[in-house]
Amino acid sequence: MMNKHKLWIGSISAAVLLGGSAVAASSSVNGQSVQTSPSSTSQSVTQDQSSTGKLLTGAQAKAAALKAAEGKVDDIDLERRNGQTFYEVEIDRKGSNDVVVRLDAYTGKILAVVDDEDYDDDDDYNYNGSATSTSSNQSAAKQVKLTEAQASAIALKQVTGGKVTEIELGHDDGRYVYEIEIRTADGEADVDVDANTGKVLSLDQDFDDED
């Protein structure tokens, strides 16, 4: 009986060891590492950082661009292309060619600095909203979550020292958009804000020439 008892315990131990080997093998198949779900989650979070991050303001984009190329900022555009969101900043430079600085709209990382003469913006992101009547605006306002005041507040965060001069609610590509015109001490800006999510869709800031 003693020998049988020992044998039975040994069988259990072997089963446990075999089970442990099976668990360990689950991380390697044919000598190749198998990615676990936590790694996949981490990768997904990294990929989504830009979509959940905070968008840089026009002033922040201007400051970042001027670090890459000295001069006077003439225009700032917020662009979206191929899933990427970035600012394009036009800089006038005395004594040399003007340049366009492209930078990540969330991190401020400089993506490119190109000569203005060689720059082609034919494929830029543009919002082509159509004007609507007052009655249409009133009807549309009932279908959106943000008020004009809320949309204006979001737009004003994108520029420095601005004042809203005009706001219009339009509909394009299946969504409602507030088109907001802002006057600043340096010039003017046009900001498009999604009327339901509050997301800034575009920013076009022009600076007055200083002769």
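Contact here means heavy atoms within 4.5 Å.

## Basis of the model

This is a predicted model, in which local features need pLDDT of at least 70 and side-chain atom pairs count only at pLDDT 80 or more, while totals for chains, interfaces and linings use all residues. Residues are numbered from 1 along each chain as its sequence is written, and side-chain values use heavy atoms, with hydrogens and water left out.

## Overall composition

The protein has six helices and 10 strands. Helices (H or I, at least four residues) and strands (E, at least two) are DSSP runs, numbered from the N terminus. Of the 211 residues, 30% count as buried; buried means under 20% relative accessible area, exposed means over 50%, and partly exposed lies in between, with a 1.4 Å probe and protein chains only.

The accessible surface of the protein comes to about 13,400 Å², and carbon and sulfur atoms hold 49% of that surface. Accessible areas come from the Shrake-Rupley method with a 1.4 Å probe, and for residues only the protein chains shown count as cover. Among contacts with a separation of 6 or more, 46% are made by residues 24 or more positions apart.

Strands E4 and E5 run antiparallel and are joined by six bridges. Two strands pair if DSSP finds at least two bridges between them. Tyr 87 has Leu 103 in E5 as its bridge partner. The hairpin of E4 and E5 has six residues between the strands, and Gly 95 takes a positive phi near 85° there.

E5 also pairs with strand E6 (residues 110-115), in the antiparallel sense and over five bridges. Val 100 has Val 114 in E6 as its bridge partner. Five residues lie between E5 and E6 in their hairpin, where Gly 108 in the turn has a positive phi of about 85°. Because five of the six residues of E5 are buried, this strand is largely enclosed by the rest of the structure.

## Salt bridges

The structure holds three salt bridges, a salt bridge being a side-chain nitrogen of Lys or Arg within 4 Å of a carboxyl oxygen of Asp or Glu. In one of them, Glu 88 is joined to Arg 102, with the closest N and O atoms 2.6 Å apart. This pair links distant parts of the chain, with Glu 88 in strand E4 (residues 84-92) and Arg 102 in strand E5 (residues 99-104), 14 residues apart. Glu 88 is buried at a relative accessible area of 3%, whereas Arg 102 is partly exposed at 23%.

Arg 183, Glu 188 and Asp 208 are linked in a network of salt bridges. Glu 188 bridges to Arg 183 with the closest N and O atoms 4.0 Å apart. In the salt bridge of Arg 183 with Asp 208, the closest N and O atoms are 2.9 Å apart. Arg 183 lies in strand E8 (residues 175-183) and Asp 208 in the segment after strand E10 (200-207), so this pair ties together parts that are 25 residues apart in sequence.

Asp 75 is placed in strand E3 (residues 72-81). This residue is buried yet has no salt bridge, and Lys 72, the nearest side chain of opposite charge, is 11 Å away. For charge, Lys and Arg count as positive and Asp and Glu as negative, while His and the chain ends are not counted. Leaving out residues up to four places away in sequence, Asp 75 touches Glu 88, Val 89, Glu 90, Asp 204, Gln 205, Asp 206 and Phe 207.

Asp 186 lies in the loop between E8 and E9 and counts as partly exposed at 38% relative accessibility. Apart from neighbours within four places in sequence, Asp 186 is in contact with Asp 206, Phe 207 and Asp 208. The C-alpha atoms of Asp 186 and Gly 161 are separated by 8.9 Å, and these residues are 25 residues apart along the chain.

## Helix H6

Ala 151, Ser 152 and Ala 155 are the buried residues of helix H6 (residues 148-156). They cover an arc of only 100° around the axis, which puts them on the same side of H6; the arc is that of the directions from the helix axis to the C-beta atoms. An α-helix has 3.6 residues a turn, so residues three or four places apart point the same way. The cover over the buried residues of H6 includes strand E7 (163-172), E8 and strand E9 (187-194).
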